[in-house]
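Trainee: I would like to go through this structure with you, one question at a time.
Mentor: Go ahead.
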Amino acid sequence: MIRKALAFLIAASMILIPQVATASVPNDIPSVHIIAGSDINLLASDAKIPVRVKNDFGTDLRVIVHAAASNGRLSIPAPVEISIPANTAVNAQLPVKAIGSGEVNLSVWLETFSGLRVSEQVELKVNVNADAENAILIVFTAFVCVLGTLGLMRTLRKRRERVAE
């Protein structure tokens, strides 16, 4: 009798264990989540970083996009509230201020108005060059001044040659 019961338990476990192992959570459950993008190069001292948010629900949603920088090179003044139409994706424009230059990992997540986190945290890599905007502006201004000076010198030289003839 014990032998039959033991054989039955072994047979039942052989049948049930593969089914339990292959059972999984369905992938078609709707959610609202952040779509990770490519690395972001930030050249300005004040800018808005685009964060792509997708709504898989059949109804419009309003969420708040929060972010935190991994170091002090980037400051996030305030979270952003966005409205996402049903079954679409939108870009949230997250305002940031560059304080220093270097690489920053930006942790981004979504919350409801009651403070309930509705998405997993996503890491975005941001390459910050806070002084690049000023350097580019100075180089461009110097280039225009040099071209203007060369053009003026050429015009004056041609005018002198005409007067000398």
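Mentor: A term to begin with: buried means under 20% relative accessible area, exposed over 50%, and partly exposed in between (1.4 Å probe, protein chains only). Strands (E, at least two residues) and helices (H or I, at least four) are DSSP runs, numbered from the N terminus. This is a predicted model, in which local features need pLDDT of at least 70 and side-chain atom pairs count only at pLDDT 80 or more, while totals for chains, interfaces and linings use all residues. Residues are numbered from 1 along each chain as its sequence is written, and side-chain values use heavy atoms, with hydrogens and water left out.

Trainee: Which residue stands opposite V122 of strand 9?
Mentor: Two strands pair if DSSP finds at least two bridges between them. Strand 8 and strand 9 run antiparallel and are joined by seven bridges. Opposite V122 stands V108.

Trainee: In which sense does strand 2 run relative to strand 9?
Mentor: N41 stands opposite N127 in strand 9. Three bridges join strand 2 to strand 9, and the two run parallel.

Trainee: How many residues has the largest nonpolar core?
Mentor: A nonpolar core is a set of buried Ala, Val, Leu, Ile, Met, Phe, Trp, Tyr and Cys residues joined through side-chain atoms within 4.5 Å. V51, V53, V65, L74 and L106 have the most contacts inside the largest one, whose size is 28 residues. Among the strands that each supply at least two residues of this core are strand 3, strand 4 and strand 9.

Trainee: Which residue in strand 7 does V53 stand opposite?
Mentor: Strand 3 and strand 7 pair in the antiparallel sense, over ten bridges. V53 stands opposite V90.

Trainee: Is G115 buried, exposed or partly exposed, and what is its relative accessible area?
Mentor: G115 lies in the loop between strand 8 and strand 9. G115 is partly exposed, because its relative accessible area is 38%.

Trainee: What is the relative accessible area of F140?
Mentor: F140 is in helix 2, residues 132-164. F140 counts as exposed because its relative accessible area is 54%.
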